[in-house]
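Q: I have a structure open and would like to go through it piece by piece. Can we start with the strands?
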Amino acid sequence: MVLKNVCCIGAGYVGGPTCSVIAWKCPDICVHVVDKSEMRIKQWNSDKLPIYEPGLEEVVKECRGRNLFFSNDIETAVKEADLIFISVNTPTKTYGIGKGRAADLKHIEMCARKIAEVAEGHKIVVEKSTVPVRAAESITHILSANTKPGVSFQVLSNPEFLAEGTAIENLLEPDRVLIGGEESAEGNEAVAQLTWIYSHWVPTEKIITTSTWSSELSKLASNAFLAQRVSSINAISALCEATGADVSQVAGAVGRDSRIGSKFLQASVGFGGSCFQKDLLNLVYIAECVNLPEVAMYWQQVTDMNEYQRTRFAKRIVECLFNTVTDKTLAVFGFAFKKNTGDTRESPAIYVCSHLLEEGAQLNIYDPKVESKQIQCDLTSVAVTSEPERVQQLINIYSDPYDAVTDAHAIVVLTEWDEFKKYDYKKMLSVMKKPAFIFDGRKILDHEALINIGFHTETIGKRFSRNTLLRASGEHFPAFSWTP
């Protein structure tokens with residue numbers, strides 16, 4: 001079988017960019033990206049895409065209408081496709097068995113049933129969504145139980161390893177492409193077909209083939225290991241603040257060890273995004289289900305440390321501002337969970353802002369890519385507050401950071417946007433309440449320069465002996481010892 005038509009169910013952060021790159025690199029393959037959401041498909045067909053990723057717009061504009069199409073016609077796309085990606089959301093369950101830990105696979109199941117209902121001939125079905133181990137087996141059961149005469153399926157696992165903000169770069173130059181399939185002649189043939197697609201631009205040595213279950217677990221394990229490194233350096237950051245060490249210097253020394261390496265050793269207010277937290281909790285749930293409580297407790301501690309870091313940072317802000325932020329204005333720089341994306345899922349900013357709002361702070365929020373409606377939705381969600389009307393009155397969304405700091409008592413940096421490093425902080429200081437504070441939750445600013453112009457400056461994993469309150473008054477300003 002020669003692959004001529006590819007379909008992707010799900011036009012989100014994974015399906016849209018992945019299939020856009022496939023269309024770009026495989027001009028002889030017709031790629032259809034389908035989704036139930038009419039609004040999302042309209043956005044993919046417009047000049048303003050539903051997601052922001054550097055380089056994505058250029059790829060889409062080159063391929064759209066040629067061999068890349070976005071539509072709501074799921075049935076036709078499935079019928080015509082030789083290979084079908086399932087790339088739908090698999091959030092953490094908020095109800096029933098496994099609540100708060102297990103992945104919710106209802107969208108995966110709906111896709112499998114739709115494929116079984118309308119498919120004709122032989123189809124290769126590829127799970128692209130992050131799923132628990134043996135999810136492919138569940139998809140196979142659904143397809144097999146509903147198979148019609150003349151229809152057959154092979155189910156593969158092809159997890160994504162994309163980092164938001166660098167998704168196009170990750171797709172074009174991946175560390176590896178992982179494909180898991182059934183260990184049979186038919187399974188091997190299906191794996192070869194998907195390998196052929198990627199081989200248009202990915203070197204063969206970077207395409208790894210495994211069993212389906214190993215592929216599924218590898219995705220969860222990869223994100224768990226990355227999250228573990230973030231939580232590990234954040235744990236060290238607390239020790240640094242308590243002892244006077246500098247976490248950046250510690251991380252630099254540790255990262256020089258070739259066995260460890262320097263990546264993901266940047267202390268911060270914590271990790272966010274749609275994957276780390278969800279995949280960690282999924283791993284915890286799997287360990288609990290197979291009666292491995294010690295394993296579950298080990299990985300649970302990684303996410304517990306992340307929550308501790310967010311709470312710790314929020315408490316530090318309150319304590320530094322003389323133990324109260326009630327009726328004080330704080331300018332929040334950044335709401336996305338990382339730079340170069342508009343995604344706010346599990347963003348540390350949501351949790352830090354939530355703590356500050358509970359204390360009665362007035363928040364002036366600026367982010368260069370996150371829509372104001374998204375910020376309001378996140379902070380007034382029932383999962384975050386029981387008083388949405390009160391929260392609505394306490395937040396203001398700004399399109400200009402210089403307006404956001406006017407009459408503010410402090411600036412709180414929660415996303416590592418590059419533009420934050422370039423601002424005229426002396427100009428900002430002139431319109432702020434005094435003493436003016438900066439809390440750098442991402443360790444991206446020039447702290448010594450900020451102290452020199454008059455800011456009281458606080459960051460993660462380091463204490464400053466030359467802060468403005470010391471220099472301005474000549475009095476001792478006690479070191480802050482903040483506990484959860």
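Q: How many bridges join strand S9 to strand S12?
A: Strand S9 (residues 329–333) and strand S12 (residues 410–413) run parallel and are joined by 4 bridges. Strands here are DSSP runs of E, at least two residues long, and helices are runs of H or I with at least four, numbered from the N terminus. Two strands pair if DSSP finds at least two bridges between them.
Q: What stands opposite Val332?
A: Val412 in S12.
Q: Where do these numbers come from?
A: This is a predicted model, where local features need pLDDT of at least 70, side-chain atom pairs count only at pLDDT 80 or more, and totals for chains, interfaces and linings use all residues. Residues are numbered from 1 along each chain as its sequence is written, and side-chain values use heavy atoms, with hydrogens and water left out.
Q: OK, in what order do the strands of the open sheet come?
A: The order is S11-S10-S9-S12-S13-S14, 6 strands with parallel pairing. Strand S11 (395–398) and strand S14 (456–459) each have a single partner strand, so one side of each has no neighbour in the sheet. From one strand to the next, the twist averages 20°.
Q: Which strands does helix H12 lie across?
A: Helix H12 (residues 293–320) lies across S9, S12, strand S13 (437–440) and S14, at about 170° to S13. Angles run from 0 to 180 degrees between N-to-C directions, with axes fitted to C-alpha atoms, for helices over the stretch in contact.
Q: And H13, which strands does that one lie across?
A: H13 lies across S9, strand S10 (362–366) and S11, running at about 155° to S10.
Q: New topic: how many residues does the largest nonpolar core have?
A: 59, and Phe333, Leu363, Leu379, Ile411 and Tyr425 have the most contacts inside it. The largest share of this core, 6 residues, comes from helix H13 (residues 348–358). A nonpolar core is a set of buried Ala, Val, Leu, Ile, Met, Phe, Trp, Tyr and Cys residues joined through side-chain atoms within 4.5 Å. Buried means under 20% relative accessible area with a 1.4 Å probe, protein chains only; exposed is over 50%, and partly exposed is in between.
Q: What is Tyr425 in contact with?
A: Beyond its neighbours within four places in sequence, the contacts of Tyr425 include Phe333, Ile411 and Phe420. Contact means heavy atoms within 4.5 Å.
Q: Last one: how many residues of strand S6 are buried?
A: In strand S6 (residues 152–157), 5 of 6 residues are buried. S6 runs parallel to strand S5 (residues 122–127), joined by 6 bridges, and Ser152 is the bridge partner of His122.
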